[in-house]
Amino acid sequence: MADISVGERIYIVQGIEQDVRTDGRSRAQYRPLELEANVVAQADGSARLHLGPTDVLVGVKVELGVPDSSSPNRGQVHVSVECSSCASPEFKGRGGEDWGIELARALESSLVGAPAAGCGLDLAALCLVPGKTCWLVYVDALVLNDGGNVLDALSIAARAALALTRVYKVEVSMNEDDEPEVELSGEREGAPLDASNVPVIVTVSQVGNRSVVDLAAEEEPCASACLHVAVNSKARVVGMTKSGSSGLDPSLTQEMVEVAQKLGPGIIASLDKYISSIPVTS
């Protein structure tokens, strides 16, 4: 989080109050999004996202594994986030490690949901042989530069990387002992991973008595609280968490949720349109 003076804080808050932010945006406007697809050759799917100066990279790797004994009919998703020490002075030492764990926890909760409720990856579809074989999906993210609103950037990049991921073609047959056996093809010629139910996180912050989206680094110290709303393509809220030292103004809470519901589907639609235009390669 940027270190700003009292005068700068007053200037930023007054601008937000008048719906004219320091970079010219309105309170409900995101900075430009720039997405690069398939940037990591060793990954099964990857995306790099620039949200203003915020820069994040997400790679996805899919491997065969054994289902958890408590969920024998489901695959698994594992998320890790690393914050480069060059991304922000606050990331030096344990600061970056602790923030990475917090981001990974928030990101994983949005990726692992109940598809019947319209959220998250379908973990049941990732199971190949109940109790024996499933797909393990590893989502590894790197924060290269923190220019504000890192969680939203990671969420959008992760959804893109998952949508770009193609899993290996497999065949399940019975061996001589009448046990199921999984044969793995050497080419990623199977169907792409279904990320259609994966939501994006829209963070709406309380600055003074106004709700604001996509805070830049210099704006973040002015927020008293933030509401992180996971929204799917149908504008349905599928998850919500709060951060910040202060409580949310009850009169603003409903407005903050509605702002997220309005913006989330538009982000997903733009993302899906771009991904559908990318040629499929094996």
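## Where H3 meets H4

In this predicted model, Ile 156, Arg 159, Ala 160, Ala 163 and Leu 164 of H3 touch Ile 267, Ile 268, Leu 271, Asp 272 and Ile 275 of H4. Sorted by type, the residues of this contact are eight nonpolar and two charged, with no polar ones.

As for the geometry, the axes of H3 and H4, the latter spanning residues 250-276, come within 11 Å and cross at roughly 35 degrees. The crossing of H3 past H4 is right-handed.

## Strand E6 and its partners

Let's turn to E6, which covers residues 133-145 and pairs with E3 (residues 54-65) in the antiparallel sense over 11 bridges. Here Val 56 sits opposite Val 143 in E6. With E4 (residues 76-83), E6 pairs in the parallel sense, over eight bridges, and Val 81 faces Ala 141 in E6.

E5 (residues 127-129) also pairs with E6, in the antiparallel sense and over two bridges. Cys 127 has Cys 134 in E6 as its bridge partner. Three residues lie between E5 and E6 in this hairpin, and Gly 131 in the turn has a positive phi of about 80 degrees.

## The largest pocket

If you are looking for a cleft to explore, the largest pocket has a volume of about 790 Å³. Its lining comprises 29 residues, with Trp 99, Glu 102, Cys 226, His 228 and Ser 243 nearest the centre. Two or more lining residues come from each of H2 (94-111), H3 (150-164), E9 (200-207), E11 (225-231) and E12 (237-243).

H2 gives the largest share of the lining, seven residues. By type, the lining of the largest pocket holds 11 nonpolar, 11 polar and seven charged residues.

Key
Residues numbered from 1 in each chain as written. Predicted model: local features only at pLDDT ≥ 70, side-chain atom pairs only at ≥ 80, totals over all residues. Heavy atoms only, no water. 1 Å grid on protein atoms, 1.4 Å probe; cavity = no way out; pocket = protein on both sides within 12 Å on 5 of 7 lines; lining within 4 Å. Points joined across faces, edges and corners; volume = space filled by probe spheres on them. Helix = DSSP H or I, 4+ residues; strand = E, 2+ residues; numbered from the N terminus. Nonpolar A, V, L, I, M, F, W, Y, C, P; charged D, E, K, R; others polar. Axes fitted to C-alpha atoms, helices over the stretch in contact; angles between N-to-C directions. Left-handed = near helix turned anticlockwise from the far one by under 90°. Contact = heavy atoms within 4.5 Å. Pairing = 2+ DSSP bridges.
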